[in-house]
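Reader: I would like to go through this model feature by feature. Please give the general idea each time, then the case at hand.

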Amino acid sequence: MKKLLLLLLAMVAFSATADAQGFLKKLKDKALEKAKDKIENKVERTVDKEMDAVLDGKKGQKNSKAKNQADDAEAVDDTPDAVGQNQKSDFVRGSVILFQDDFATEQMGEFPSKWDVSDGSLETASINGKKYAHSNAPDSRFSPLMENMKSYLPDVFTLEWDEFFCKAGDIPDFPFEFQFLDASGNQTGHIYLRYRPGNPDCYGNYTFKKGGGIDQNVGGSMDWDHLKQYTKVGQWNHFAISFNKRAFKFYLNGTRIINLPNVAAPARFEFIIQDENPYRGVANVVLAKGAVELYQRQATDLSAVEKAIAETGKFVTNNILFETGKATLKPESMEEIQKVADYMKKNPSVRFEVQGHTDNQGSDKINDPLSQQRAEAVVKALAQLGCDEFNLRAVGKGSHEPVADNKTDAGRAQNRRVEFIKK
């Protein structure tokens with residue numbers, strides 16, 4: 001009996017031990033499973049965190065890259081998105097082109113075919129893919145080839161050109177001069193600028209013979225404190241002159257920096273480059289007949305739009321300008337666009353079809369979409385000025401509706417236009 005009892009106790013003990021071992025095994029397995037889950041969750045959270053950091057980093061890099069690209073675009077583009085009107089930015093290109101040269105078809109290293117020199121020498125060169133007339137002699141004086149070389153400037157005209165202002169380290173400095181002459185070759189006006197990229201600074205002076213037969217000169221100076229806010233270092237800078245019978249205005253990148261009410265009328269002009277260093281020369285030269293009217297006021301500007309629409313039902317302009325081959329508006333275009341914007345604000349129910357027209361240079365495959373994009377750029381600028389975009393429709397006409405002969409520079413200039421058709 002005792003033996004049987006002991007055997008039963010042993011079996012119970014064994015069973016209890018087995019159950020305990022089974023329980024412990026289950027507990028151990030559950031603990032391991034829980035620990036495994038905990039580790040996996042921790043790993044997963046760590047991975048998620050690291051991935052988020054990577055993705056955020058990429059996003060930051062992308063945003064930074066986009067910002068840098070935007071900054072780069074802003075640094076390179078001649079045409080800012082800002083549409084505010086500067087009271088000193090009243091330049092309007094003349095309506096009839098008398099001379100134009102962008103040097104695009106000239107052969108590199110050859111003398112520019114549309115120019116003549118009185119001293120020195122020129123050759124066609126290129127900066128950042130843009131061709132220009134480069135001075136390759138210590139003192140070059142050059143002017144456009146015209147039918148009458150002694151006298152070709154009308155009593156009302158505009159003149160535009162580009163110059164490249166290099167960065168520090170490229171060259172120590174470079175001087176630039178521009179002069180007006182009468183038919184006898186006597187100087188009637190002179191502008192001198194000297195740019196030193198290393199400092200940087202730019203300074204200069206100007207002197208003009210007074211109009212009305214007065215034997216007297218008027219002049220002044222320009223310094224870096226005044227010019228630096230308008231100068232673009234490491235880029236092409238746009239210069240412009242507006243002359244109306246006696247009133248002379250000089251612009252740098254769309255801002256007027258010289259304004260003289262009474263100077264002698266010139267007959268011709270010359271560019272003067274004093275050295276043959278790299279980057280010295282001019283590009284995109286445009287001489288046109290017509291200019292800003294004498295002391296023209298906004299009300300007068302606006303009446304021109306009103307008058308055209310009242311008489312013809314449309315307003316046609318050659319003064320909305322774009323970068324060559326692009327739909328990027330030039331800063332000087334905003335004056336003309338502002339006139340249309342003012343008209344639309346005064347007449348909020350008026351609707352316009354904004355038509356972009358090109359000349360016949362290039363194929364329809366290029367010109368048709370380009371004219372559409374340019375029309376859309378004008379619509380966007382008007383919308384930014386507060387016009388209701390619902391009342392504007394952009395239409396690209398390409399070169400299909402010329403108003404002048406495309407065989408001449410003057411004709412092609414007239415064909416490059418924007419029309420506002422009242423609907």
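Reader: Is Lys397 buried, partly exposed or exposed?

Author: Buried means under 20% relative accessible area, exposed over 50%, and partly exposed in between, with a 1.4 Å probe and protein chains only. Lys397 has a relative accessible area of 22%, so this residue is partly exposed. This is a predicted model, in which local features need pLDDT of at least 70 and side-chain atom pairs count only at pLDDT 80 or more, while totals for chains, interfaces and linings use all residues. Residues are numbered from 1 along each chain as its sequence is written, and side-chain values use heavy atoms, with hydrogens and water left out.

Reader: Where is Lys397 placed, and what does Lys397 touch?

Author: Helices (H or I, at least four residues) and strands (E, at least two) are DSSP runs numbered from the N terminus. Lys397 is in strand S18. A contact means heavy atoms within 4.5 Å. Not counting residues up to four places away in sequence, Lys397 touches Gln355, Gly356, His357 and Ser371. Gly356 is 41 residues from Lys397 in sequence, yet the C-alpha to C-alpha distance is 5.8 Å.

Reader: Is Ser399 buried or exposed, and which residues is Ser399 in contact with?

Author: Ser399 lies in the loop between S18 and helix H6 (409–415). Its relative accessibility is 15%, so Ser399 counts as buried. Apart from neighbours within four places in sequence, the contacts of Ser399 are Thr358, Asp359, Asn360, Asp364, Asn367 and Asp368.

Reader: How many residues does helix H5 have, and what covers its buried residues?

Author: The expected span of a helix is 1.5 Å times one less than its number of residues. H5 (residues 364–384) has 21 residues and reaches 30 Å from its first C-alpha to its last, close to the expected 30 Å. Among the buried residues of H5 are Asn367, Ser371, Arg374 and Ala377. Their cover includes helix H4 (334–346) and the strands S17 (352–357), S18 (392–398) and S19 (417–422). Just after H5, Gly386 has a positive phi of about 105°.

Reader: How many residues are in the largest nonpolar core?

Author: A nonpolar core is a set of buried Ala, Val, Leu, Ile, Met, Phe, Trp, Tyr and Cys residues joined through side-chain atoms within 4.5 Å. The largest one has 51 residues, and Trp161, Phe178, Phe248 and Phe271 have the most contacts inside it. Strand S6 (residues 156–165) gives the largest share of this core, five residues. A second, separate core has 26 residues, including Ala341, Ala377, Cys387 and Phe420.

Reader: How many disulfides does a search of the whole structure find?

Author: A disulfide is a pair of cysteine sulfur atoms within 2.5 Å. The search finds zero. Cys166 is at 0% relative accessibility and therefore counts as buried; Cys387, at 8%, also counts as buried.

Reader: Where does pLDDT stay under 50?

Author: pLDDT is the predictor's confidence in each residue, from 0 to 100. The mean for the protein is 79, and 75% of its residues reach 70 or more. Over residues 34–87 pLDDT stays under 50, and the model has 25 contacts beyond four places in sequence for this stretch. Residues 296–301 are also below 50, with seven contacts beyond near neighbours in sequence. Where pLDDT is low, the predicted coordinates should not be read in detail.
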